[in-house]
Amino acid sequence: MSITFDEIEIGTKLPEWSRKTSFAEWNRFAAVNEEFVPFHMDDEAGRRAGNEQGAFGMGNLRYAYIVNALHDWIGDEGRVQEVGCQYRAINQKDDVLTVVGEVTEKSIEDGKHIVRLDVNVVNSEGEPTCPGHAVVEL
Amino acid sequence: MIGGLPHTKDPATETHKQNNRLFKSTLKSTAYERMSNTKLTYVTDEMLASKGVWGPSRSSYPITDTDIRRWAMATHYPKHPPRIYWDTEYASTTKYQSIIAPPDFNPFAWSLERPAALAPGLAGRRPDGKSLTGMNGGQTDTYGVPMRPGDVISARSRLIGWEEREGRLGHTLYVRTEIEWRNQNDELVKTRISISVRY
């Protein structure tokens, strides 16, 4: 069951949403987004681009994970209205990325039940990689 | 569109020398004079001239349910995506009454026509003629109506502003671009404000 507007309070946490990311995930995303950039596909190209560990993941995939986490939380009848984030750190191979979030505001605007959150994508080391915000309608 | 590392070279710098001669011959306050007489700037006259001006529009192929299902499967892998993205019968029982696309779905993937490269100078230029390196500094997307199978999306973009700061990477230009997507009924689908970091 998805969460309801009444159940949400300031400080309510977004349920954690995780994926281990490697070529299986990156290549699928490269295929649907037609995002065939050498440093996302090849370790040597990743090193040439300055990442010693080799190939690294797409910012757009992390963005998709934030959207997915929000959708899973509010359900099909809810609506993701806005998502913004900054890419601050590299998504390394085999990272377990976890979307986290916390409600900062809830309001009723023009009869719509609106919830605002701070969101982030945390890597295996617990480092935030992608600080951002979101607005959803329930 | 990546996270965190240099990825683009500015094609504009190839025409830099030619443009530089042009700048020197122009009497009013030009990028050349700004960089030679005052402080360092990567802002070009082309940027000043095009600020706020919408570029040409381009259209997607019609979105299919398979496009949507594949996108949702890829972004949820290895788990299954929500049924509203692939189960027609179920989706007809929701308030949307049909399959919808995930908000982040990109209908412009696999177009035969490539988007025009950014016009020379619109991504900034280094006074010494060397290429600027760019990275994706982030984005905010605001969503309108959902995309559905059969939709044709048109996109246009414009430069909306910039600022320059001394950062960890030296002198850095932050360019803000607005991208607008509308469907075949002229309904707003998405507005994206993106930041390109150029140094």
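Two strands are taken to pair if DSSP finds at least two bridges between them. With that in place, I turn to this structure, which is a predicted model.

I begin within chain A. Strand β3(A), residues 95–109, is joined to strand β4(A), residues 112–122, by 11 bridges, and the two run antiparallel. Within this pairing, A:Val103 stands opposite A:Leu117 of β4(A). The two strands form a hairpin with two residues between them. In that turn, A:Asp110 has a positive phi of about 55°. β3(A) also pairs with β1(A), again in the antiparallel sense, over five bridges. Here A:Lys20 is found opposite A:Val96 of β3(A). As a general point, side chains in a regular strand alternate between the two faces of the sheet.

Next, the helix α1(A). Which of its residues are buried? They are A:Glu25, A:Trp26, A:Phe29, A:Ala30, A:Val32 and A:Asn33. These buried residues pack against β1, α2 and α4 of chain A, together with α4 of chain B. Just after the helix, A:Glu34 takes a positive phi of about 50°.

How do the axes of α1(A) and α4(B) cross? Helix α1(A), residues 23–33, and helix α4(B), residues 65–76, have axes that come within 8 Å and cross at roughly 155°. An angle over 145 degrees counts as roughly antiparallel, and the two helices are therefore roughly antiparallel to each other. The crossing of α1(A) past α4(B) is left-handed. From α1(A), the contact involves A:Arg28, A:Phe29, A:Ala31 and A:Val32, and from α4(B), B:Arg70, B:Trp71, B:Ala74 and B:Thr75. By class, the residues of this contact are five nonpolar, one polar and two charged. Two of them, A:Phe29 and A:Val32, are also among the buried residues of α1(A).

Taking the interface as a whole, 39 residues of chain A are in contact with 31 residues of chain B. On the chain A side, the elements that give two or more residues are α1, α4 and β2. Of these, α4(A) gives the most, with nine residues. The chain A side divides into 18 nonpolar, 12 polar and nine charged residues.

Finally, strands also pair across the two chains. Which strand of chain B is joined to β2(A)? It is β3(B), residues 133–143, which runs antiparallel to β2(A) and is joined to it by four bridges. One such pair is A:Glu82 with its bridge partner B:Thr142.

Terms used: Residues numbered from 1 in each chain as written. Chains lettered and ligands numbered in written order. Predicted model: local features only at pLDDT ≥ 70, side-chain atom pairs only at ≥ 80, totals over all residues. Axes fitted to C-alpha atoms, helices over the stretch in contact; angles between N-to-C directions. Parallel < 35°, antiparallel > 145°, perpendicular 65-115°, else oblique. Left-handed = near helix turned anticlockwise from the far one by under 90°. Contact = placed C-beta atoms within 7 Å. Nonpolar A, V, L, I, M, F, W, Y, C, P; charged D, E, K, R; others polar. Buried ≥ 20, exposed ≤ 12 C-beta atoms within 10 Å, placed from the backbone.
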